[in-house]
Amino acid sequence: MDAGPWMDDVLLLTPGPTPLHPWAQAALGWPMRGHMDPDVFAHNDAIVADLRRLYAAEPDAFTSLLAGSGSLGMEAGLANLVEPGERLLVASNGVFGDRMVEMGRRLGAKVHVHRVAPGEAIEPDGLRRAAERVCPAVVALVHGETSTGVLNPVADLASVVRDTGALWSVDAVTTVGMLDFDMAAWGIDYAYTGSQKCLSAPPGLAPVAVSARAMAHVAARRTPVSTWYADLVGMRGYWAAGEGGRQYHHTVPIHLHWATGEAIRAALAEGVAARAERARRVGEAVAAALATVGFAHLVAAGVRLPTVLALTLPDGVDDAAVRAALRAEERVSLAGGLGSTAGRVWRLGLMGEAARPEPYRRLMTALAAVLPRFGLAGAGELPAAFDAAWAAAAPRAPERVAPGATAAAAALAAAAVR
Ligand SMILES: Cc1ncc(COP(=O)(O)O)c(C=O)c1O
C-alpha cells in the first residue's frame, strides 16, 4: 500500500504549536483502544492525578481533558460558570482577553470589560476598582497574553478577586507546565491550557482544572449549560466513576489522550522550575543576540512573559517577506504579531520543546543567511552573538520547588538544565 505523503522537518518556533516532546511523539504510535476500555480509564486516572499536580490544585478539584483546543477550554469555562444575564468581568489586555469578551456576549452574559492597554499588565488597583463597580458573578482573565508577550501578575490579583467572592477563570495556556502556577493558593476556580503549548503535545485537547466550589456551582445552576458537549457535570460522569460506574459521554480522541498524558508526565518529571529556567535562559540569550541587529523588547522588563518573546523589528525590515524567506529557504517557521502587534513584532515561542538552545542556534544561522539581503549586514555575526549570550545567561538555581514537582525531581532537573 502507498504510504502516502510525509512531512519533512521544519523548525517550529511559533508560540504554539510547539515541537512534540519525544514521549508524546512515541505515544502517537501506541495501539488503538475503545473509549470505554479499562486501559483508557487507567490512563485517564493517571492524567487526572497528574493534572492536579501540574495546576497545584486541591485534591478535590475536577481535572480532565476537553476534546478541543485551548479556545474550547476558554469557552467551556465561561459556558459552565456564567448563567445568561449574570455579570461577567473580563480584564483584557490583548487578543485572548478580547476573545473571552466575545464568548461571554454570545453566551448571554452581561459582560463588563476592564481594558488595559496592550503591552501593559493588569494591575491589582485597577482590577479592584472595576470589580467594586461591577460586582461580578465571574471574573476572567489571561495569565500570559500571547498576542503581546505580557505576563499578568495573577498571584497579586488573587486577593482582589477573592474579596469579590466571584468565581475566577484564568487562562493558563502559555503558562501552566512551564511557569509557576498555583491554582489552590491563588484561589482559582477554573483554569485551562491547550495541549500544543507548554506541554509539547499535539493540538486538540484542553487540559482543565475546576475547583470543587465551581463544580458545586455548575451542578446547582438554574439553567442548563448551553453546550452539551463541554458540560462539566456531564463530563465528570466519564472521567470519575460515580455510583453507576463510568458513563459514556462522547468518543474521546484516544491518541491525543496517550500523547498528552505522556507530555504531562514528562513536564512533571522535569519539574516546572527547571522548565521555567530553560525558558528564561534561552529567552535572554535570543533577545541579547537579536539586539545586536536592532530587535528590541516590546514589553517592559517586570511584566514580560518568559514563554513568548515579543521583539520589535529593526527599522525597515519587512516582517512578512523575511518570515516567508525563512520558511521557504531555511525551513524555519516564525510567528509575527497578532492584533495590535501585527506587523510590528515577532513572537518567538519558548514553550515546551521550543525552549532549548539548539533550535534557536539554528534560527541564528538561518537569520545570518537571510537578513543581509534585507539590509542587515551585521546579521552574519548572529550565531557568534548567540553563543556569547547563551554563555552569559548562566543557569540560576530554581527559587523554590515548583508546585507539583517533588523536591528530588526539581533538584535533578535543575542540575540538568541545558
Ligand atoms: C493565551 C491564549 N488563550 C487561548 C488560546 C486559544 O488556543 P487555541 O488556539 O488552542 O484554541 C491561545 C492560542 O494561542 C492563547 O495563546
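**Around the ligand**

Tutor: By class, the shell around the ligand has 4 nonpolar, 7 polar and 1 charged residues. Here Ala, Val, Leu, Ile, Met, Phe, Trp, Tyr, Cys and Pro count as nonpolar, Asp, Glu, Lys and Arg as charged, and the others, Gly among them, as polar. Bear in mind that this is a predicted model: local features need pLDDT of at least 70, side-chain atom pairs count only at pLDDT 80 or more, and totals for chains, interfaces and linings use all residues. Numbering runs from 1 along each chain as its sequence is written.

Who's in the shell, then? Gly16, Ser69, Gly70, Ser71, Met74, Phe96, Val142, Thr146, Asp171, Val173, Thr174 and Gly194, each with its C-beta atom, placed from the backbone, within 6 Å of the ligand. Helix α3 (residues 70–81) gives the most, with 3 residues. Helices (H or I, at least four residues) and strands (E, at least two) are DSSP runs, numbered from the N terminus.

Now pick up Val142 from that list and follow its strand, β5 (residues 138–142), where 5 of 5 residues are buried. Buried means 20 or more other C-beta atoms within 10 Å of the residue's own, with C-beta atoms placed from the backbone; 12 or fewer is exposed, and in between is partly exposed.

What flanks β5? Strand β3 (residues 87–92) pairs with β5 in the parallel sense over 4 bridges, and Ala91 stands opposite Leu141. Strand β8 (residues 167–171) also pairs with β5 in the parallel sense, over 5 bridges, with Val138 opposite Leu167. Pairing takes at least two DSSP bridges between two strands.

Stepping back, the domain assignment gives domain 1 (21–269) and domain 2 (271–415); such bounds come from an automatic or database assignment. Their C-alpha centres lie 27 Å apart, and 31 residues of domain 1 are in contact with 27 of domain 2, contact being C-beta atoms, placed from the backbone, within 7 Å. On the domain 1 side, α2 (38–55), β7 (150–151) and α10 (254–270) each supply at least two residues. Of these, α10 gives the most, with 3 residues. By class, that side has 15 nonpolar, 12 polar and 4 charged residues.

Note on methods:
Contact = placed C-beta atoms within 7 Å.
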